[in-house]
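Have a look and see if you read it as I do.

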Amino acid sequence: MVRLAFYPGSFDPVTFGHLDIIARAARIVDKLVLGVGTHHGKDPMLSTKDRLALLERATSSIGAQAGVKIVVVTFDDLVVDAARRAGAGLIIRGLRDATDFDYEVQMGQMNAALAPDIETIFMAANPATRMISSSLVKQIARMGGDIGPFVPREAIPIVAEAMKKPG
Ligand code: ADP
């Protein structure tokens, strides 16, 4: 049996927190599909193209190291539909704190009602990267702070470029 998992998120931008979850998930599955959500009604800082390219670059060595195929896709529909399209029987989500827990478990249960054949696996955040959130990374970048401790190196120029754009 091939274990295929779908890890959805905004990845705006991808952080060391996401990468920790991805590396740990890669140890328990045969193939990992990363889903960049393009809907949400959220107004992302980075374009879909940038978020996808960054995730691909930041995860290529993780896949090679774990011997697991990691592919990145975009989706703008239900997570369970995107997971099914990817052929995944598992959805991966990360839990940082009680706020994540309440929201993620509720969403996982609603997804289970929609798609009983797909199991959500919750991974507790690594204490070293637990405090990182993409939204705080964006705030720090907007105020001219150093985002180097929170995101992979290749994200830094892309975020800096996005900061220059109006809006
Ligand atoms: P979303 O908009 O779906 O919440 P995010 O990119 O913010 O997208 O998060 C995607 C997933 O990664 C979520 O399950 C979130 O809880 C998890 N996550 C985000 N940051 C971290 C972190 N620092 N450590 C562990 N998990 C995280």
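Which helices and strands each supply at least two residues of the shell around the ligand?

1. They are β1 (4–9), α1 (16–26), β4 (90–95) and α4 (98–114); helices (H or I, at least four residues) and strands (E, at least two) are DSSP runs, numbered from the N terminus. Bear in mind that this is a predicted model: local features need pLDDT of at least 70, side-chain atom pairs count only at pLDDT 80 or more, and totals for chains, interfaces and linings use all residues. Residues are numbered from 1 along each chain as its sequence is written, and side-chain values use heavy atoms, leaving out hydrogens and water.

2. The ligand is surrounded by 19 residues, each with a heavy atom within 4 Å of it. Tyr7, Ser10, Lys42, Gly94 and Ile132 are the closest.

3. Now the polar contacts (pairs of N or O atoms within 3.5 Å). A ligand oxygen is 2.6 Å from a side-chain N or O atom of serine 10. For arginine 96, a ligand nitrogen is 3.3 Å from a side-chain N or O atom, and for glutamate 104 a ligand oxygen is 3.4 Å from one.

4. Taken alone, the ligand exposes 550 Å², and the protein buries 91% of that (Shrake-Rupley method, 1.4 Å probe).

5. By class, the shell has six nonpolar, seven polar and six charged residues. Here Ala, Val, Leu, Ile, Met, Phe, Trp, Tyr, Cys and Pro count as nonpolar, Asp, Glu, Lys and Arg as charged, and the others, Gly among them, as polar.

Key:
A polar contact is a pair of N or O atoms within 3.5 Å; within protein, one must be able to donate a hydrogen and the other to accept it, and residues adjacent in sequence count only if both atoms are side-chain atoms.
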